Each structure stands twice: as C-alpha cells, then as structure tokens.
Amino acid sequence: MSNHPSSEQLLDLFNWASPAMLVTDADGLVVLANKAATELLADHAAVGGKLADALGIEDYPALLAAGKPVENLDAPFTNSQFSTGYANVGFGEVDGSTYGFWALRPVTTHPTPSPEAGEGASTAKAWIGQVDQANASYSPVGEDAVKFIQAYYDTCPVAIHLIEEDGTVAHANWKDIAIVGATEKPDSYVGHHIRHIYADQEVVEDFLGRWGEDAPIIDFRADFLNKGERVPVVIFSTAKVEDNKLKNTRCFVFPDSHPERKRDKVKALDLNF
C-alpha cells in the first residue's frame with residue numbers, strides 16, 4: 001500500500017512504539033532499532049548487531065531466501081524481567097537492497113488493563129514503564145529513516161493502525177486491513193470508526209477512554225471481527241497526546257500465538273500508571 005501516514009507520524013510510531021521494531025540488512029545485521037528494542041535486547045539492538053543470533057533463530061538464511069512473512073517465532077530476550085516472547089519478520093526492499101523488518105513482543109503475566117495484576121508480577125504496566133523511561137543512550141531516528149519505516153509499514157507482518165480522536169481509523173497497513181477482512185475494499189474499514197471491528201463492545205469502549213487519556217493497552221488479548229468471524233489478537237497500543245488532546249494512537253495488533261486462551265477482561269478505567 002502507498003497510503004502511508006505522514007513522516008512525522010511514522011517517526012513517532014517507530015521511536016515510541018510499545019513493541020520492539022527493528023530493521024536488519026541482508027546479512028541480518030541491525031540497521032535501525034527503536035526505544036523498545038533497546039529495552040528488550042540491550043546491546044543486541046545496536047547497529048551491526050546479529051539479531052537472528054540473539055533471538056535464537058538458526059534458519060535465518062532460509063527465511064531470507066523464502067522471503068515470506070513469518071509470525072510468532074519463539075524468541076528469548078536479554079531483558080531479565082521480560083526474557084521471553086515472540087518475533088514477527090517480513091522481507092522487502094529499500095533502494096534495491098533487501099531488508100528484514102521485525103516486530104518483537106514480550107510476554108507479560110498480566111495485561112494492561114487487567115482486573116488483577118499482582119505486585120511483583122511481570123505486568124504489562126512494568127513493560128510500558130521501561131519503554132517510557134528516559135534513556136540518554138537512545139537517539140530517536142530522524143528523516144533519513146522514513147523510507148525504512150515506510151517499508152516496515154508495508155512489509156512487517158504486524159497489523160498497524162492509527163486512530164484519531166473521534167475513533168476513526170485514519171491509517172491502516174496491509175496486515176491490519178487483511179486481519180479484518182477488508183483487503184478487497186480497504187475503504188470499508190479505513191475512514192470508519194474502530195468499534196466496528198471489535199467483537200466485544202465493552203472492550204473497545206474502554207479502550208476509547210484510555211486512548212483519550214494516554215493510558216496504554218499492552219499485551220491484551222481480544223477478538224477482532226473478520227466478516228463476522230472472531231479473530232484472536234494480541235494488542236500493544238499507546239497514544240500520542242499533545243495539549244491534553246489525542247493526536248493519534250500507535251496500535252500494533254499481533255495474531256495471537258495462543259488463540260485458544262481466554263480473552264482478557266477490562267476493568268473500570270484506572271489511569272494510575
């Protein structure tokens with residue numbers, strides 16, 4: 001798809017996303033990594049790092065040769081609190097060279113929001129706290145990275161959508177459009193209210209309040225709708241808020257690695273993050 005978000009939106013999406021986002025070259029070496037990647041992988045996210053080796057992926061050359069998107073690969077991480085999770089990777093070209101586009105998500109013990117999240121648990125609240133904490137060693141990517149983020153948006157097998165203040169889906173990538181069954185008619189989804197694709201309305205209504213208050217939704221299991229059928233997904237979502245006004249969300253939606261698990265529940269809106 002060519003209908004990308006603006007350069008400003010793409011840079012914000014990459015730098016401050018709640019999942020780890022990385023780009024590797026044809027040799028599997030890191031070219032770009034976002035803040036979440038540095039928290040999850042430490043030095044392995046540095047430019048020139050061998051990402052596939054760090055993730056324990058032994059058949060990376062075969063994946064590269066096949067050139068097909070791969071979802072929910074089991075992956076170990078360096079972060080001591082969030083040491084396991086999943087990797088999604090797709091392959092594409094930028095300026096005639098092949099790159100890998102990665103989305104990594106950690107496993108938590110309790111999602112955010114959650115009716116019950118015990119003290120000391122590796123909660124999603126703790127993960128987003130790490131992503132949001134200041135780190136002088138991380139330098140946000142700039143305009144020269146936009147072409148890579150556009151390719152990421154078009155290639156990585158993670159659903160991405162940006163929602164506006166009124167709940168309208170302003171932008172959605174190919175994976176997001178496919179997961180809700182709108183590939184043949186993207187305009188039936190993009191430009192419409194996000195509540196239409198959630199199977200459980202109490203969940204999306206709670207989410208709408210959270211986005212407006214800049215409260216994160218992390219590692220949350222929900223169901224989307226694809227032509228009336230439930231699609232189990234895992235949501236990582238934060239919001240860009242300026243002057244107490246929602247500019248847009250940064251929503252990442254992964255196909256659920258464990259679709260048989262119970263869907264997560266929401267609770268009364270709690271903004272004590």
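Helix H8 (residues 201-212) lies across E6, E8, E9 and E10 and runs at about 135° to E8. Angles run from 0 to 180 degrees between N-to-C directions, and axes are lines fitted to C-alpha atoms, for helices over the stretch in contact. Helices (H or I, at least four residues) and strands (E, at least two) are DSSP runs, numbered from the N terminus. This is a predicted model, in which local features need pLDDT of at least 70 and side-chain atom pairs count only at pLDDT 80 or more, while totals for chains, interfaces and linings use all residues. Residues are numbered from 1 along each chain as its sequence is written, and side-chain values use heavy atoms, with hydrogens and water left out.

**Five-stranded sheet**

- The strand order in this open sheet of five strands is E7-E6-E10-E9-E8, with antiparallel pairing; two strands pair if DSSP finds at least two bridges between them.
- Strand E7 (169-172) and E8 are the edge strands, each pairing on one side only.
- On average, neighbouring strands of this sheet are turned by 30° against each other, direction ignored.
- Strand E6 (residues 159-163) and strand E10 (residues 245-255) run antiparallel and are joined by three bridges.
- Ile-160 has Phe-252 in E10 as its bridge partner.
- H5 also packs on the sheet, where it touches E8 and E9, and its direction makes about 110° with that of E8.

**Helix H5**

- The buried residues in helix H5 (residues 124-132) are Ala-124, Trp-127, Ile-128, Gln-130 and Val-131, where buried means under 20% relative accessible area, exposed over 50%, and partly exposed in between (1.4 Å probe, protein chains only).
- These residues lie on the same side of H5 because they cover an arc of only 155° around the axis, the arc being that of the directions from the helix axis to the C-beta atoms.
- An α-helix has 3.6 residues a turn, so residues three or four places apart point the same way.
- The buried residues of H5 pack against helix H2 (35-41), strand E5 (97-106), strand E8 (217-226) and strand E9 (229-242), with contact meaning heavy atoms within 4.5 Å.

**Strand E5 and its partners**

- E5 is largely enclosed by the rest of the structure, because eight of its 10 residues are buried.
- Strand E1 (residues 20-24) pairs with E5 in the antiparallel sense over five bridges.
- Strand E4 (residues 84-94) runs antiparallel to E5, and 10 bridges join them.
- Leu-104 in E5 is the bridge partner of Ala-20, and Ala-87 also stands opposite Leu-104.
- E4 and E5 form a hairpin with two residues between them, and Asp-95 in the turn has a positive phi of about 55°.

**Loop between E5 and H5**

- Pro-115 is placed in the loop between E5 and H5.
- Pro-115 is partly exposed, with a relative accessible area of 48%.
- Pro-115 and Asp-264 are 149 residues apart along the chain, and their C-alpha atoms are separated by 9.0 Å.

**Cysteines**

- With a disulfide taken as a pair of cysteine sulfur atoms within 2.5 Å, the count comes to zero disulfides.
- Cys-156 is in no disulfide, and the nearest cysteine sulfur, that of Cys-251, is 16 Å away.
- For Cys-251, the closest cysteine sulfur is that of Cys-156, and a distance of 16 Å is too far for a bond.
- Cys-156 is buried, with a relative accessible area of 0%, and Cys-251 counts as buried at 1% relative accessibility.
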